[in-house]
Amino acid sequence: MTPDVRGATERDRVRSYALVELSTARESAETPVVAGKVEIVSERRTAIVTGAGRGIGAAVAQRLAADGLAVAVLDLTKESTADTVAAITEAGGTAIGVGADVSDEASVTAAVDTIVAELGPPTVVVNNAGILRDNLLFKMSVDDWDAVMGVHLRGAFLVTRAAQKYMVEAKFGRVINLSSTSALGNRGQANYAAAKAGMQGFTKTLALELGKFGVTANAIAPGFIATDMTKATAQRVGMEWDEFIAANAAAIPVARVGAPDDIAHAASFFASEGAGFVSGQVLYVAGGPKD
Ligand SMILES: NC(=O)c1ccc[n+]([C@@H]2O[C@H](COP(=O)([O-])OP(=O)(O)OC[C@H]3O[C@@H](n4cnc5c(N)ncnc54)[C@H](O)[C@@H]3O)[C@@H](O)[C@H]2O)c1
């Protein structure tokens with residue numbers, strides 16, 4: 001019902017429109033809007049974690065499985081997911097491995113169909129798959145640019161778009177996007193920094209569009225995390241791994257580099273039922289202030 005706002009003061013008018021917005025949101029999403037009355041669905045949920053064959057994605061997949069979610073461990077090939085799936089199932093959790101290229105629309109559609117059929121509709125998505133193609137701008141090829149945009153941004157878009165209808169149907173969803181401290185600018189990473197800053201804008205927009213359906217979207221922006229990705233960077237700059245770790249740790253307030261579990265812990269919070277009022281945020285998990 002539209003309130004009659006004729007003759008109202010500006011303040012009353014603003015309040016009236018706010019009430020209309022509120023009632024429209026209630027009608028369209030049937031999401032309770034009063035604190036403490038949010039319906040909690042505690043049945044087992046399905047999560048998709050992309051790039052979960054190793055590194056941060058593997059740790060996130062294992063943590064979400066330990067939290068009780070059934071996890072689709074998605075990576076470029078099914079074979080590359082085997083170690084993560086085995087670690088989850090050996091610990092008593094539920095997981096399947098799915099081979100897909102997140103930057104390819106048909107591949108993502110097929111993967112999500114498989115996940116729905118084998119594990120149930122996904123309501124948690126962690127867009128973690130990533131690649132580096134570092135170079136100074138004058139040496140950066142169009143392929144370097146496109147490949148990075150393709151995996152990080154196009155990939156996150158395709159996977160989230162494919163999964164969102166299941167979240168909206170369930171009136172519950174959690175999208176967690178991997179950004180990076182590089183979003184603030186990093187020499188040699190024009191492509192990667194742009195993609196990781198883009199992940200933040202993508203996250204905030206999802207939060208605005210999907211909030212009324214019980215879906216939150218948040219980004220985690222890790223600092224230096226010891227994985228194969230940072231090992232490859234050490235090689236590229238010609239440093240021994242130990243030396244590279246020590247040099248990076250020296251610039252981090254907590255005096256150590258991060259581990260994949262540090263990111264998994266943050267992802268576990270964002271995926272939890274209790275985090276339903278936290279949306280559109282970027283959490284820097286970097287051992288000290290970044291933004
Ligand atoms: N390691 C860090 O210090 C760090 C810092 C900030 C952000 N991140 C981000 O965290 C995420 C994970 O990083 P990581 O260090 O674990 O990297 P990683 O290289 O160890 O793992 C990335 C995984 O993504 C997979 N992948 C790549 N392209 C894919 C595609 N097209 N489709 C499906 N899977 C694909 C790879 O096969 C790999 O298993 C990335 O988005 C990365 O940009 C990492």
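Q: What makes Ala-58, Ala-61, Gln-62 and Ala-65 in α2 neighbours of α3?
A: These α2 residues meet Thr-84, Ala-87 and Ile-88 in α3. To be in contact, two residues need C-beta atoms, placed from the backbone, within 7 Å. The model is predicted: local features need pLDDT of at least 70, side-chain atom pairs count only at pLDDT 80 or more, and totals for chains, interfaces and linings use all residues. Residues are numbered from 1 along each chain as its sequence is written.

Q: How do the residues in the contact of α2 with α3 divide by class?
A: Five are nonpolar, two polar and none charged. Nonpolar means Ala, Val, Leu, Ile, Met, Phe, Trp, Tyr, Cys or Pro; charged means Asp, Glu, Lys or Arg; the others, Gly among them, are polar.

Q: Why are α2 and α3 called roughly parallel?
A: Their packing angle is about 25°, with the axes 10 Å apart. Axes are lines fitted to C-alpha atoms, for helices over the stretch in contact, and angles run from 0 to 180 degrees between N-to-C directions. Under 35 degrees counts as roughly parallel, over 145 as roughly antiparallel, 65 to 115 as roughly perpendicular, and the rest as oblique. So α2 and α3 are roughly parallel.

Q: Why are α2 and α9 called oblique?
A: The axes of α2 and α9 (residues 260-271) come within 8 Å and cross at roughly 45°. The pair is therefore oblique.

Q: Which residues of α2 meet α9?
A: Gly-55, Ile-56, Ala-58, Ala-59, Val-60, Arg-63 and Leu-64 do. Their partners in α9 include Pro-260, Asp-261 and Ile-263. By class, this contact has 10 nonpolar, two polar and two charged residues.

Q: How do you know which strand β5 is joined to?
A: Six bridges join β5 (residues 173-178) to β6 (residues 215-222), and the two run parallel. Arg-174 stands opposite Thr-216 in β6.

Q: Which of the 28 residues around the ligand come nearest?
A: Gly-51, Gly-55, Gly-130, Thr-227 and Met-229 do. A residue is near a molecule or strand if its C-beta atom, placed from the backbone, lies within 6 Å of it. The shell around the ligand has 11 nonpolar, 13 polar and four charged residues.

Notes:
Pairing = 2+ DSSP bridges. Helix = DSSP H or I, 4+ residues; strand = E, 2+ residues; numbered from the N terminus.
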